Amino acid sequence: MDHLGWRLKFGVLGPSTNTIVQPDLDAMRPVGVTNHYSRIEIPAMSVRSNEDFLRLVQHIQDNTLHALDVLKTCEMQYLVMGMSATTFWDGRKGAEAYLRMMRERAGVEVSCGSFATEAALNAYKVRRIAFLSPYFEVANAQVRRFYQDCGFTVVRDIALERPSPVQIAHTTDAVCREAIRKLDGDDVDAIVQVGTNLSMVRLAAAAELFLGKPVIAINTATYWHALRAAGLQDKPDGFGTLLTHH
């Protein structure tokens, strides 16, 4: 039994440029659970167009399996995907195939952002949603397709078009607050934030208080999904109703 991870050892995969997912997940980590990271090597490239974003996604896809093979050596018991764009690609069927491939390669069960947010939305029993991302439209189209394949109505969405993978993490609360305001409306039952390098776990929890509806940050949803799938019912406070009520 691991001395610190005596309840569970999570393995976490994330892009090398991602500076948000690791502290986010560590902040939600219960006692006796440990998070062990492996970074997917990608360049700190400029992203100015849909074409640039597709090249970024390709870099992530090309290097994910090597990072996973390195991570496996710590003998993790469950895998958490700390990146989200690739987990939405090619609709629900494409996402299912990707998740199946990752599960087979990891040799353990896996939680990823696409299916975790789907599970969270189903836990709230909502159907009309809006979402924001740090992506470009080419990626938002993939996210939209996934949610529509899952039976949700995507009322509207916002792509923040951040200029590089690293600068996603520089996005301010003010920018995210404005996006939430633009997305909200009586025709929307819940708001979802995707993009694991966008810091929104605490802002989403605060937004639930003044909007009176679920605001789901992808890092919160993914870690919640992993905890519950692994049989842990811990309810860390300060991260919204998903962790405390479900």
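**Exercise 1. Determine which residue pairs with Asp234 in a salt bridge, and where the two partners lie.**

Solution. Begin with the term: a salt bridge is a side-chain nitrogen of Lys or Arg within 4 Å of a carboxyl oxygen of Asp or Glu. In this predicted model, where local features need pLDDT of at least 70, side-chain atom pairs count only at pLDDT 80 or more, while totals for chains, interfaces and linings use all residues. Residues are numbered from 1 along each chain as its sequence is written, and side-chain values use heavy atoms, with hydrogens and water left out.

Next, look for the partner: Asp234 forms its salt bridge with Arg7, and the closest N and O atoms are 2.7 Å apart. The pair links distant parts of the chain, since Asp234 sits in the loop between helix H9 (218-229) and helix H10 (241-245), whereas Arg7 belongs to the segment before E1, 227 residues apart. Helices (H or I, at least four residues) and strands (E, at least two) are DSSP runs, numbered from the N terminus.

Finally, consider accessibility, for which buried means under 20% relative accessible area, exposed over 50%, and partly exposed in between (1.4 Å probe, protein chains only). Asp234 counts as partly exposed at 22%, and Arg7 counts as partly exposed at 28%.

**Exercise 2. Find which residue meets Asp157 in a salt bridge, and which elements the pair ties together.**

Solution. The side chain of Asp157 meets that of Arg144, at 3.0 Å from N to O. Asp157 lies in strand E6 (residues 153-159) and Arg144 in helix H5, so the pair ties together parts that are 13 residues apart in sequence. Asp157 counts as partly exposed, with 23% relative accessibility. Salt bridges that share partners also join Arg92, Glu96 and Glu118 into one network, and the structure holds eleven salt bridges.

**Exercise 3. Describe how helix H2 and helix H5 meet.**

Solution. Take the geometry to begin with: the axes of H2 (residues 50-72) and H5 (residues 137-149) come within 8 Å and cross at roughly 65°. Here axes are lines fitted to C-alpha atoms, for helices over the stretch in contact, and angles run from 0 to 180 degrees between N-to-C directions.

Then name the residues: Asn50, Phe53 and Leu54 in H2 meet Glu137, Val138 and Ala139 in H5, where contact means heavy atoms within 4.5 Å. By class, this contact has four nonpolar, one polar and one charged residues. For these classes, Ala, Val, Leu, Ile, Met, Phe, Trp, Tyr, Cys and Pro count as nonpolar, Asp, Glu, Lys and Arg as charged, and the others, Gly among them, as polar.

Another residue of helix H2 is Asp52, which is buried, with a relative accessible area of 12%. Leaving aside its neighbours within four places in sequence, Asp52 is in contact with Met45, Ser46 and Val47.
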